[in-house]
Amino acid sequence: MRVLCVTNALPTSGRDSAGIFIQRQIDSLRREGVHVDVRVVSGVGPAWVAGVRELRQLLARDTYDVVHAQYGGRTALAAVAASRRPVVVSFCGSDLNGLRAGPRFDRAYATAGVLCSQLAAPLASALVAKSPALVGKLWRQRDRQRCRVIPNGVDLELFHEMERREARRKLGWPEDEPVVIVSGQSRSAVKRLDLARQVVERARTELPTIRMEPLKGVPPGEVPTYLNAADLMLLTSQHEGSPNIVKEALACNVSVVSVDVGDVRRWLEGTDGCWIVPREPKALAEAVVSAVRSGGRSAGRRVVQQISMEQVARQVVRVYEEALRTGS
């Protein structure tokens, strides 16, 4: 099977984590025997129109069985506009959620992306969303009914439990200093690192030396070391699709404290060493202190065994096969 992946986010260097989950899925599909080529389409206005034109020319020259748009928004609209072959669209988060906070321009840009997603959905042969909550964001009942829920897979070979002392030695961290890992950049209103800072500050009344360590500029291959070196992973996002960092922390058997966002309840509820907490600094700080005092380990790996890269790749291949049957 020949697949063209159309995306607007792929890692551009060894230190770039943008779109790393897309690259990992492409790699896992190739291991399953799928021929995958990649085309990046980005920009707005004339740049987007030019990208659609070039994509159409590529598809006219080369025969692909399926076109897979990895992200909704303008990427999905470009794929359905350019292709006469079956198109699969994967919705990942902000492409259906939009932005509920941040600068006005960013929110307007995201809202336009949501509109593009809703326009592209009925034109696609098959739809995938990373969580049930994202499925519910689709406007049309028919699109909701045919949308498959397939979370991003976890690389269980890369993300595994390590001895905390050894991980800290590699990073040069003190052994006796509690560390809370958070994901996202401080300028991102969605990730709510302002709330995370409030939580850690409150936790200092019980744990004076606790500190927050943002995963900023960390090469993707080193993320497991940071997770294993930490006492817990804290998620305070305003909204999410299916946050990969939560599943990766679980694969390392690291404790997770999270607000009820995206599909985290699916992974954390009933999992020893994990907490789902209201979005309130005091409650979150109490959970953080409990996680540190209980040793910072979870029984998470058994929970994410079902979404290994290989298993998820096979599910995606089945979606391709369905798209070929219904969209040819």
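**View 1. Tyrosine Y71 in the loop between β3 and α3.** In this predicted model, Y71 is placed in the loop that lies between β3 and α3 (73-82). The phi angle of Y71 is near 120°, a positive value in a residue other than glycine. Most residues other than glycine have a negative phi. With a relative accessible area of 21%, Y71 is partly exposed; the term buried is kept for values under 20%.

**View 2. The crossing of helices α3 and α5.** The axes of α3 and helix α5 (residues 104-120) cross at roughly 35° and come within 7 Å. This crossing of α3 and α5 is left-handed. On the α3 side, the contact is made by G73, R74, A76, L77 and V80. On the α5 side, Y109, A112, G113, C116, S117, L119 and A120 take part. By class, the residues of the contact of α3 with α5 divide into eight nonpolar, three polar and one charged.

**View 3. The open sheet of six strands.** Six strands, in the order β2-β1-β3-β4-β5-β6, form an open sheet with parallel pairing. At the edges stand β2 (35-40) and β6 (147-149), each with a single partner strand, so one side of each is left without a neighbour in the sheet. Neighbouring strands of this sheet are turned against each other by 25° on average, direction ignored.

**View 4. Pairing of strands β1 and β2, with helix α2 lying across.** Strand β1 (residues 2-7) pairs with β2 in the parallel sense, over six bridges. The bridge partner of C5 in β2 is V38. Helix α2 (residues 46-61) lies across β1, β2 and β3 (66-70). The direction of α2 runs at about 175° to β1.

**View 5. Valine V49 of helix α2.** V49 has its place in helix α2. Is V49 buried or partly exposed? V49 counts as partly exposed, because its relative accessibility is 38%. The C-alpha atoms of V49 and A78 are separated by 8.3 Å. Along the chain, V49 and A78 are 29 residues apart.

View 6. Strand β4 (residues 87-91) is mostly covered, with five of its five residues buried. Strands β3 and β4 pair in the parallel sense over four bridges. In this pairing, V67 stands opposite V87 in β4.

**View 7. The open sheet of five strands.** A sheet of five strands, in the order β8-β7-β9-β10-β11, is also open, and its pairing is parallel. Its edge strands are β8 (211-215) and β11 (274-276), each of which pairs on one side only. From one strand to the next, the twist averages 20°.

**View 8. Strands β7 and β9, with helix α11 lying across the sheet.** The parallel pairing of β7 with strand β9 (residues 232-235) extends over three bridges. V182 stands opposite L234 in β9. Helix α11 (residues 244-251) lies across β7, β8, β9, β10 (256-258) and β11. Relative to β9, α11 runs at about 165°.

**View 9. Arginine R192 in the loop between β7 and α9.** R192 is found in the loop between β7 (179-183) and α9. Its phi is near 55°, which is a positive value in a residue other than glycine.

**View 10. The packing of helices α9 and α13.** Helix α9 (residues 193-203) packs against helix α13 (residues 281-293) at an angle of about 60°, and their axes are 8 Å apart. That angle makes α9 oblique to α13. In passing α13, α9 makes a right-handed crossing. Which residues of α9 and α13 make the contact? From α9 these are L195, Q198, V199, R202 and A203. From α13 they are P281, K282, L284, A285, V288 and V289. The contact of α9 with α13 has eight nonpolar residues, one polar residue and two charged residues.

Technical notes. Residues numbered from 1 in each chain as written. Predicted model: local features only at pLDDT ≥ 70, side-chain atom pairs only at ≥ 80, totals over all residues. Heavy atoms only, no water. Axes fitted to C-alpha atoms, helices over the stretch in contact; angles between N-to-C directions. Helix = DSSP H or I, 4+ residues; strand = E, 2+ residues; numbered from the N terminus. Parallel < 35°, antiparallel > 145°, perpendicular 65-115°, else oblique. Left-handed = near helix turned anticlockwise from the far one by under 90°. Contact = heavy atoms within 4.5 Å. Nonpolar A, V, L, I, M, F, W, Y, C, P; charged D, E, K, R; others polar. Pairing = 2+ DSSP bridges. Buried < 20%, exposed > 50% of the residue type's maximum accessible area, 1.4 Å probe, protein only.
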